[in-house]
Amino acid sequence: MRKTTAIAALLASLTLLAVSWSPAAAQDASVLNGAWIVRSWTDADGVVNEDAQRGLFTFTITRDDGGNYSMMFVPGSEARPRFAGENQTDAETLSSYASFIANSGRVTVEGNTLTYEAYMAKDPNYMDDWGENGASADWAVDGTTLTLTFTSGFMEGTTATLQRPGGGD
């Protein structure tokens, strides 16, 4: 009887260790809190852009199921064009403002999946009617690195690799 109990206890312990060390195990979403700087993008075909332009993602997780987010970034590897002088032309303004993405709103967390809904966005067509749309991404934090793999929305199939400011600059 003791041998059976000992074996059952050992198996239960090994099971708990396997679950707690499993990369698929959900992380505590509070690790997302704060600012993250874009370091690279990987497109749906697996092409990595190590020359990513500036990007800043912030999360404020205030509940077990989520909180708020904000993301602003310049897609691609080309820097945003600067204005030639103090009084920019309409063409300069259009070129500069068309070259970045900005939105913020509510984020919900379920396991390692984020669903975000833009309350405010540079693109008015992207703004969500709370619960009508939304996009999602799988996430994982490893030290000072956040990986977001977008699973729906306009960035579906893209992976962003972000770091904490000062975490490997």
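Biologist: Which side chain does the side chain of Thr-159 make a polar contact with?
Modeller: That partner is the side chain of Thr-149, at 3.2 Å. A polar contact is a pair of N or O atoms within 3.5 Å; within protein, one must be able to donate a hydrogen and the other to accept it, and residues adjacent in sequence count only if both atoms are side-chain atoms. Please note that this is a predicted model, where local features need pLDDT of at least 70 and side-chain atom pairs count only at pLDDT 80 or more, while totals for chains, interfaces and linings use all residues. Residues are numbered from 1 along each chain as its sequence is written, and side-chain values use heavy atoms, with hydrogens and water left out.

Biologist: Is Thr-159 buried or exposed?
Modeller: Thr-159 counts as buried because its relative accessibility is 16%. Buried means under 20% relative accessible area, exposed over 50%, and partly exposed in between, using a 1.4 Å probe and protein chains only.

Biologist: And which strand is Thr-159 in?
Modeller: Thr-159 belongs to strand E9, residues 159–163. Strands (E, at least two residues) are DSSP runs, numbered from the N terminus.

Biologist: Let us change topic. How many bridges join E4 to E5?
Modeller: Eight bridges join strand E4 (residues 66–73) to strand E5 (residues 101–110), and the two run antiparallel. Two strands pair if DSSP finds at least two bridges between them.

Biologist: Which residue in E5 is the bridge partner of Met-71?
Modeller: Asn-103 is the bridge partner of Met-71. Asn-103 also stands opposite Ala-121 in E6. E5 pairs with E6 (residues 113–121) in the antiparallel sense, over eight bridges.

Biologist: How much space lies in the largest cavity?
Modeller: The largest cavity holds about 40 Å³. A volume is the space filled by probe spheres set on the points, which are joined across faces, edges and corners.

Biologist: How many polar residues are in that lining?
Modeller: The lining of the largest cavity has no polar and no charged residues, but seven nonpolar ones.

Conventions: Helices (H or I, at least four residues) and strands (E, at least two) are DSSP runs, numbered from the N terminus. On a 1 Å grid over the protein atoms alone, a cavity is a set of points where a 1.4 Å probe fits but cannot get out, and a pocket is an open set with protein on both sides within 12 Å along at least five of seven lines; lining residues have an atom within 4 Å of a point. Ala, Val, Leu, Ile, Met, Phe, Trp, Tyr, Cys and Pro count as nonpolar, Asp, Glu, Lys and Arg as charged, and the others, Gly among them, as polar.
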